[in-house]
Amino acid sequence: MAMASQPAGKEAVARATAAVAAGIKACEAYDRPDLAKRLERAATSLAEPSVPVVVVGEFKQGKSSLVNALVGANICPVDDDVATAIPTSVSYGEQQRAELIFEGEPPAREPIDLGDVRRWVVESDPVTAAVEPEPQDTNRGRPVGAEVTLPRKLLSGGLTLVDTPGVGGLGSAHAAASLAAASMADALVFVTDASQELTASERDFLIKARNLCSAVVCVLTKTDFYPRWRTIAELNAKHLRDLGDPPIIPVSSTLRSQAAATGDTALNAESGFPELVTFLTAQVGGAAAQRRAATAAGEVATACTQIEAQFEAERSALDNPKQAKRVVAELTEAKERASALKSAAAKWSQTLTDGVTDLTSDIEHDLRGRIRTVLQEASDAIDESDPADTWHEMEAWLEARVAHELIENYTMLRDRAIELSERVGEHFREASGGVLDAIAVRNPEPMLAGAKIDHKIELERMKVGKQAMVALKSAYGGAIMFVMLGTLTGISLGPIALGIGLVMGRKGLRDEKKRQRNARQSQAKNAVRRYCDEVSFVAQKDSRDTIRRIQRELRDYYTGLADEFNTSNAAALQRANEAAARTKSERTKRLSDIDAEMARLKQLREHAMAVTS
Amino acid sequence: MTGLLDDTRAALARAINVYAGTEDGDRLTQLRTRLDEPLRVAVAGRIKAGKSTLLNALVGERLAPTDAGECTRIVTWYADGHTYRVTAEMTDGEQQQLTFHRDEGVIDVDLGGLPPEKVTRLLVTWPSARLRTATLIDTPGIGSLSESVAQRTWDLLSPSDSDTAEAPADAVLYLLRHLHSHDLEFLRAFHDTEVSQPNPVNAIGVLSRADEIGVGKLDSMTSAGKIAARMATDPVVRTVVQTVVPVAGLLAETAATLTETEVAQLRRVAELPVADADALLLTADRFATRMPELGLTSTEREELLDRFGLFGIRLATSVLRHRVAATATELAAVLTERSGVGELNELLRSLFFDRRDVLKSRSVLAALDALTRASPRPGSEAVAADVERIMASAHPFQELRVLSAIRAGWVTGKPAVLDDLEHLIGGAGAGISQRLRLSDDEGHDALVAAAAEALDRWQRRAENPLTRHQLAVAARVAIRSCEGMLSELGRSS
């Protein structure tokens, strides 16, 4: 199955590319540059695919080594001690290139030397940082990510590997951000080493990941070093059985790197990497290719439908000259409907506007409710203990607790956004079907057998319900992902000034301790409140931005379609007028031309439909 | 120091009188014996941190079972005793003697049909010189996928508020595998809150499985040393453990139990041409299966891997090849030294064993304090007053309190001054030479001179009106520490 889907994906893309090229030609031939433009965009997304795969795992499990070994280059820093601090993405490019991305709106980029990537992405060491201060520009924020391109065959299918920091543990707010980012990626590679079986926090993370990510693979690293890695793999398989049984791929990055250095293919096979590569290119890349092909094919079919509608109107006018007037009259009437589809008063547009407003307020309300619960729990916990003893536990607990709520909130946003885009699509489809029918102006006499066309644009085929995800994903490969990954890392609870004095001597020891304890408790509560405020603020901005992106993308998409309908209508009207003026012999000739064109379009549509079969 | 133990005993005696006949009475009697028993040191850490392996290395015998999967599921005490015996203590308080057999040294206990969740702990008594200095407690790992297993360790190390039982361990060796947030959470929970605030006094951090840090590179221990040193200076780590040392537990355990047969097997690998040996040792799988001409069965190879790990085999064969060692005894010495366990033993001595009376008193006083709060009865107030008096006035406790205050950042000053203060009050070991930062073989006169100089230095600091209040309070404790050293030196001359 793994082997079969690779050519299937590639073939589907090849078929879709051919269909899109034919479609562009047809659009140009029929003088529809607007439709051609849409298809050109489809062609670009077929030619320059982006398949982000996020690499996640606990601290020091060998994530960076894995990415390095996969692409055969020393990009991500590997060190016994220091760890990756900012995410690094590695994707295809004909030139080796590296860029740093800085926090900001929009995020600033700055090319850097490939060899310097490691210097930027490791955790800053307080000792060296003091000696060599980081070049801090006041204009740009802190670096949030590094982007590297490499000319590697593995990456040529659009695969983008994202190495994430393991800092903070899997229960932190930062892990939650990684998970949200990974939910838009095509796959999540979970890295755990063979030194021990999965821990409770790793399993918790995988449970959450399973609900958010389409494909999860568990990679067991360092198999060269741990003799009992097979036992560990079996134990992990047992732990994962009820989590959808994701595949476990054992690998040795050391062997792979050595194999690459010596060109030893047997050693490469021994490293276990070929299986991982197959999984990434065939399974993940293949599925992504299928999806892209299906989307492109849907665009071709939509273009066909619109052109066909024009021809049908013309044919109705030609077929029976007495009808020509009626056709023109109906098309004139349809014009209003077509422009109504474009207006803000259109039902789909209303649905979108209202839906976004509701969604924004519901998400914010949900988040506020969740944070309030956390605050209450935190405050209860503080009342029962002395922050001097429990503050650190409190910090870890709070981070994990908040992370959990953020994930829940984000999941809600995602589900609701998909629901909304389905509803908008539904409403557009209802209205547009009528408009297209009107543009086509059916001849009341029964049509020739087989020529009956259902005027529904192929929105189902395009899985327009997922348009919200498409909207997010389209921007995802770039800086947005880094920003998403990085937003929550900057927030920390930080130490509180515990204000503890040394109390010596017997008298008042207990009272003084009690007084200090009360002071600490109120300080701790303030710190928790500040943290929650800050997290809410950032999360709220994040979800607003996300919703705004979805709204913009949906609006542009459907407005574009509506514009095309208007053009179709105008063209149909023009042709119907022309038809009325034609002589009988011209009409007969034109009719047979139209039949030929319709047959060609039908063929093109069939090609497009066959892309993913 | 005897003064402190005597004071504690007196307070305990009073408590025993007050609580005689109540359900707490028995426990208090047990507390009394605890003062005379060896120090209790728990080996704790996350799951698979190598706790059992390190315990074996410290005892010098393979006692605790170790395995690739999660292994220790019941808290197990290893104590010195006249006979070899394993007893199970049940949740209902019943005790039951169990049968066991030794499988290559490892104790394989037959629970005899007892449900493991009903067993609160296993007590293994074993005649062993090492166990005479300390009773070792092996704990299930935190972060286990099995909730109840993890809970046991929590119960052991941090008795919940409602439970007035004393914390069973006096000190803890906390095994860390690189710094992990859960580790700190755990360490915090371990520290009791009354005698002093979050307290690094009774905990040593061990960067365990240190040989795995470089994933088998021969310089792994050097990397591990650097990481441990960095961790030990981390402000958060400093508030919870005294220091961090790297230990390759497996190497230490194997070194302590190395046989000539194993050395002979390793020698075959060492005698291979270097390139062949490197190719064979490239991966664990290769070592287990390749080169049949080596004359080692697959069982022998797997056993070697289990005993040494890939790093251990690489290291041992390289040592044999370069003729640094030839016999089992010599090789064991090299491996022990490389494993870092010697340094750990030294730390155990200076930080725990030299201070055992203080640590034990501390456990007992904390238990009494908890008891008098939880179940007051006529006369218990006097016990509480005793406890508070000892805690507030006993100099060793004041030292501990200052130490934790420095570590927690509550006492501020120049780093060099704080470092000096930390040493004087016993932060790096309770011995006089450690306090004065002199080598052990320094003469008596040099020690006296150094102590007098320190006394003078801190007296001036305490009296200086510009000294901050917190530091001045700490300085007075340091003065008493210096006076204590001088009087001890005076006695021994």
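Q: What does pLDDT tell me, and what average does chain B reach?

A: pLDDT is the predictor's confidence in each residue, from 0 to 100. What you have here is a predicted model, and chain B averages a pLDDT of 83, with 87% of its residues scoring at least 70.

Q: What ipTM and pTM does the predictor give the complex?

A: The complex gets an ipTM of 0.73 and a pTM of 0.78.

Q: Let's turn to the fold. How many helices and strands are there in chain A?

A: Chain A has 17 helices and nine strands. Of its 613 residues, 50% are buried.

Q: How do I find my way around the largest nonpolar core, and which residues touch the most other members?

A: Start from the residues with the most partners. This core has 238 residues, and those touching the most other members are V53(A), L188(A), V300(A), V41(B) and V206(B). Helix α11 of chain A, residues 273-319, gives the most to this core, with 21 residues. Apart from this core lies another, of 44 residues, including L28(B), L371(B), M391(B) and L436(B).

Q: Which residues is V300(A) in contact with, leaving aside its neighbours within four places in sequence?

A: V300(A) is in contact with A19(A), V20(A), G23(A), L39(A), L604(A) and A608(A).

Q: Now a strand, please. Is strand β2 of chain A mostly covered or uncovered?

A: Strand β2(A), residues 88-92, is mostly covered, with five of its five residues buried. As a general idea for reading strands, side chains in a regular strand alternate between the two faces of the sheet.

Q: In what sense does β2(A) pair with β5(A), and in what sense with β6(A)?

A: With strand β5 (residues 143-150) of chain A, β2(A) pairs in the parallel sense over five bridges. Here S91(A) has T149(A) of β5(A) as its bridge partner. With strand β6 (residues 159-163) of chain A, β2(A) pairs in the antiparallel sense over three bridges. In that pairing, S89(A) stands opposite V162(A) of β6(A).

Notes:
Residues are numbered from 1 along each chain as its sequence is written. Chains are lettered from A and ligands numbered from 1 in the order in which they are written. This is a predicted model: local features need pLDDT of at least 70, side-chain atom pairs count only at pLDDT 80 or more; totals for chains, interfaces and linings use all residues. A nonpolar core is a set of buried Ala, Val, Leu, Ile, Met, Phe, Trp, Tyr and Cys residues joined through C-beta atoms within 7 Å. A residue is buried if 20 or more other C-beta atoms lie within 10 Å of its own, exposed if 12 or fewer, and partly exposed in between; C-beta atoms are placed from the backbone. Helices (H or I, at least four residues) and strands (E, at least two) are DSSP runs, numbered from the N terminus. Two residues are in contact if their C-beta atoms, placed from the backbone, lie within 7 Å. Two strands pair if DSSP finds at least two bridges between them.
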